[in-house]
Amino acid sequence: ATQEAAEQFKGSEMKLESLNFLEAVRHFESLPVAEIVRIYGAIGGVPAYLDKWDATKSFKDNICRLVLTPSGALYGEADAVISAELRELSAYATGFSRAKISVYLKNLANFNIVEKVVSFETGGWENAKKGVYQIKDTFVNFWFKFVYPNMSNLYLLSPEEFYDTYIEKELDAYLERYFREVCTEYLLILNQMGQLPFTIKRVGTWIGKTGRIDIVAQSEDRRSIIGFCNWDKPMMTMDMCENMAMAMEQARLTSDDYYLFSATDFEPALQSYVVRDPRFKLINMNEL
């Protein structure tokens, strides 16, 4: 019982607060922004987690040391965070009816473990998904995405072999969500500073059945700023922007202001185009 209480305390103690991305950047002033996005997408903004990260080591080295090694500081943290809130973990498994699952999802949401992401409200509801559930806590999400499904092999492989096999190939796809959150935070900061074309009152993501608009930010009179985010492709291209335009048609959205974020680069043709069209603004990683 004493050990159980200690584990619960550990999970709750380390989760007392969480920094936003700008604060995380200040925490790692010596690192490139792209590297901080990776860190932020893996362990979140909890200061107790960030303090354990060695900025002189690579992302892989830190994950192997903190997360994939049984003696690592974050090795059992995801279980501790969930155990601190839920007593009967075995009940939260798959194979139940839709009605029973909805009860468990509601409980998980009440404890801020999962959240329901509802598509930004536009006129194109017939083309939008009703909503999707995702794990809210960043590190818990990382653990259950990469580590928990492969625990049996974690005992057989070295941390480095496990990372190369189960994390390396899918990491960038996983980080797209967190890059989108970083870009949204950037827009909100510009909004606070009065540097957007108008003041935004609502912001979210439009989730379509066949497409997505990464960021939709609207004013009180429903003028829209559209944000499109590229994390892992070699460059943002005109074709990618055309796909965004198709999603806007499905969502029945129009805009005179587009913010295109790329963690890599922009296609020369796109750069030439935006010079002639002031509606588009290109934001690269250095500006973030």
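Modeller: Thr 138, Asn 141, Phe 142, Lys 145 and Phe 146 of helix 8 meet Leu 171, Tyr 174, Arg 177 and Tyr 178 of helix 11, contact being heavy atoms within 4.5 Å. By class, this contact has five nonpolar, two polar and two charged residues. The model is predicted: local features need pLDDT of at least 70, side-chain atom pairs count only at pLDDT 80 or more, and totals for chains, interfaces and linings use all residues. Residues are numbered from 1 along each chain as its sequence is written, and side-chain values use heavy atoms, without hydrogens and water.

Colleague: Why are helix 8 and helix 11 called roughly antiparallel?

Modeller: The axes of helix 8 (residues 138–147) and helix 11 (residues 171–192) cross at roughly 155 degrees and come within 12 Å. Angles under 35 degrees count as roughly parallel, over 145 as roughly antiparallel, 65 to 115 as roughly perpendicular and the rest as oblique. The two helices are therefore roughly antiparallel to each other.

Colleague: What makes Glu 35 count as buried?

Modeller: Glu 35 lies in helix 3 (residues 33–43). Buried means under 20% relative accessible area, exposed over 50%, and partly exposed in between, with a 1.4 Å probe and protein chains only. Glu 35 has 16% relative accessibility and therefore counts as buried. Leaving aside neighbours within four places in sequence, Glu 35 is in contact with Ser 58 and Phe 59.

Colleague: What is the mean pLDDT of the protein?

Modeller: The mean pLDDT, the predictor's confidence in each residue from 0 to 100, is 86, and 83% of residues reach 70 or more. Over residues 1–14 the pLDDT is below 50.

Notes
Axes fitted to C-alpha atoms, helices over the stretch in contact; angles between N-to-C directions. Helix = DSSP H or I, 4+ residues; strand = E, 2+ residues; numbered from the N terminus. Nonpolar A, V, L, I, M, F, W, Y, C, P; charged D, E, K, R; others polar.
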